[in-house]
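This report goes through the structure shown below, part by part. Keep the sequence at hand while reading.

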Amino acid sequence: MNRLDFEIIRNVIAAPKDTSMIIDVPMILDVGCENGELLKFLNKKKKIDGRGLEISQKNVNICVKHGLSVVQGDADKDLIAYPSKSFDFVILSQTLQATHSPEKVLSQLVRISKYAIVSFPNFGSWLLRLKLLINGIMPQSKSLPHSWYTTPNIHLCTIKDFKKLCEKNSIKIEKSFYLNKYGKQINNPIGKIFNNFFSTSGLFVLKK
Amino acid sequence: MKNSIKTIILGKKIPLSLDSGKQLKNFKIAYQTYGKLNKNKNNVILICHALSGDQFTAGINPFTKKPGWWSKAIGSNLPIDTNRFFVICSNILGGCLGSTGPKELNPATKKFFNMSFPVITIRDMVKAQKMLIDELGIKKLLSVIGGSAGGFQALQWAATYPENVISAIPIATSFRHSAQNIAFHEVGRQAIMSDPDWCNGNYIDKKKTPKKGLSVARMLAHITYLSEEAFQRKFGRNLQNKLSVAYGFKTDFQVESYLKHQGQTFVDRFDANSYLYITRAMDYFDLPNQKKGGLKNIYKNTPVKFCIISFTSDWVYPTKYSKEIVDSLNAVGANVSFVEIQTDKGHDAFLLDEKEFNETVRGFLSSTANIMGVN
């Protein structure tokens, strides 16, 4: 699976807002790293000390085979074991909506890492709103392909919802990226202002 | 692959200082090697065997004439590939297949050690292995691999000699023996020691063997190595060579026959006193207790790369213990991978041909070897 936000994540790591964060070999944890594609992608241009947490045994095996250090585990249960600020970046790409307790997971992410990079599908996008309005059934899309009764995405939210949750937990949003359905950043001013309406997914760099 | 028995005398100049405070001089370690040592001496893998194992991991065991206990994993093109790696496995100190243990002659007294053999620990076994490796002129081990009590040794290697170990694969193991682990071992030991033929441990001098005690110990232990599901799948309530139960106490069920067979074959190849000493060493294993601050302090700044593997149906060393090791390693930023393999085969799954398990070992080893530039 090719995740839409790889390039943006790489750029964030290469050039964080706080230039003191430019580290020779950043320590990175990819939560829900699947077959390790993102870690490998990040390691290509810049050497990283990459670790992964992945729920599927098959995927962990694929990672281990490629020399990645990946632990079989669950974002909901296992982040608590990592000590505070033990990573430079922790990444949760398109997974938040599938966790049992997004609020707890989010708090753990900003605890264990200096920066957390979180991306998720935006349920507030106009296309989904329109589908629900017109069809009156739970909308499906390319990034949300499941039926309501089989979906692993049990905690869908909009960009607005997400920002509210960050505020509630005093999590600072350092950078925001609004992406269209091709995974490209929305750059026109109207799209940026009405990001909750126009973007298919959001990617945020968080800090606490 | 051909096996011949190799032994080496260690502790000639400097004796081995045991955890008990005693010392061992001029002791024997029996070992086997497979594959070839390369020029850079960077392709060495040390296999640590479990309680009832021996140095004959691959090929044919010359004593039992059966395939070595890990012949499914070690060999040409197998997960631990002898075309690429130089594999060493030694009979643990206190063992009974060539290494110094209770059934060997005490060189000082020219009598059998029997129960005068000093009580040994997992760390003592590892120290003896380190002396062997030194003697063979090997500085670094690409990997130390072991299941069960072999996993204790792998963890101990990483703790005691981190500079000599590049990676470790502790399998189906734990960082200390639990009360239940000790309890099962104690029943086994009591079975041996209450056999009249044990003769207070001097059965060799009396030309006897505590066969019944040792075989009961093995039968009991073997139950713990499988799982409820595995027993049910293999035997169910099937009867042994009969159509109905015999209303007596001879073997009715297949599972009874199987356990008796396990007990009997074990007696032919294993020494009862060795069984006492090794189970004791396992009971004494308590890695966090070796240093203030426990596991986290033991592995602080460790350069060792870990791949920890557990099995879902292992109730001897359940996954939660592996996870505790993983959590401690993560807490100190160590390089750790962890897989829990789905299987109903129980603790012994590591000895069987589990595809996913084999693939994990193969993948981890070959990627580690690639990183280290092993050709």
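## A buried helix in chain B

A residue is called buried if 20 or more other C-beta atoms lie within 10 Å of its own. The model discussed here is predicted. By that cut-off, helix H7 of chain B is mostly covered, with 10 of its 13 residues buried. The buried ones are B:Ala272, B:Asn273, B:Ser274, B:Tyr275, B:Leu276, B:Tyr277, B:Ile278, B:Thr279, B:Ala281 and B:Met282. Their cover includes four helices of chain B: H1 (122–135), H2 (149–160), H3 (179–193) and H4 (211–225).

## Two domains of chain B

Chain B is split into domain 1, made of 6–178 and 287–371, and domain 2, made of 181–280. Their C-alpha centres are 26 Å apart. Where the two domains touch, domain 1 of chain B contributes 27 residues and domain 2 of chain B contributes 23 residues. On the domain 1 side of this contact there are 12 nonpolar, 11 polar and four charged residues.

## The largest nonpolar core

In soluble globular proteins, nonpolar side chains tend to be buried together. Here the largest nonpolar core holds 155 residues. The residues with the most contacts inside this core are A:Val90, A:Leu109, A:Ile117, B:Ile45, B:Val87 and B:Ala168. Both domain 1 and domain 2 of chain B give residues to the core, so it lies between them.

Apart from neighbours within four places in sequence, A:Ile117 is in contact with A:Ile9, A:Val12, A:Phe89, A:Ile91, A:Leu203 and A:Val205. A:Leu109 is a buried residue of helix H5 of chain A (residues 102–112), as are A:Pro102, A:Val105, A:Leu106, A:Gln108, A:Val110 and A:Ile112. Among the elements of chain A that cover the buried residues of H5(A) are helices H4 (75–78) and H7 (159–168), along with strands S4 (87–93), S5 (113–121) and S7 (201–207).

## Where the chains meet

How many residues of chain B are in contact with chain A? There are 22, and they touch 15 residues of chain A. In chain B, helix H9 (319–331), strand S14 (335–341) and helix H10 (355–371) each supply at least two residues of the side that touches chain A. H10(B) gives the most to that side, with eight residues. By class, the side of chain B that touches chain A has nine nonpolar, nine polar and four charged residues.

Key
Residues numbered from 1 in each chain as written. Chains lettered and ligands numbered in written order. Predicted model: local features only at pLDDT ≥ 70, side-chain atom pairs only at ≥ 80, totals over all residues. Contact = placed C-beta atoms within 7 Å. Nonpolar A, V, L, I, M, F, W, Y, C, P; charged D, E, K, R; others polar. Buried ≥ 20, exposed ≤ 12 C-beta atoms within 10 Å, placed from the backbone. Domains from an automatic or database assignment. Core = buried A, V, L, I, M, F, W, Y, C linked by C-beta atoms within 7 Å.
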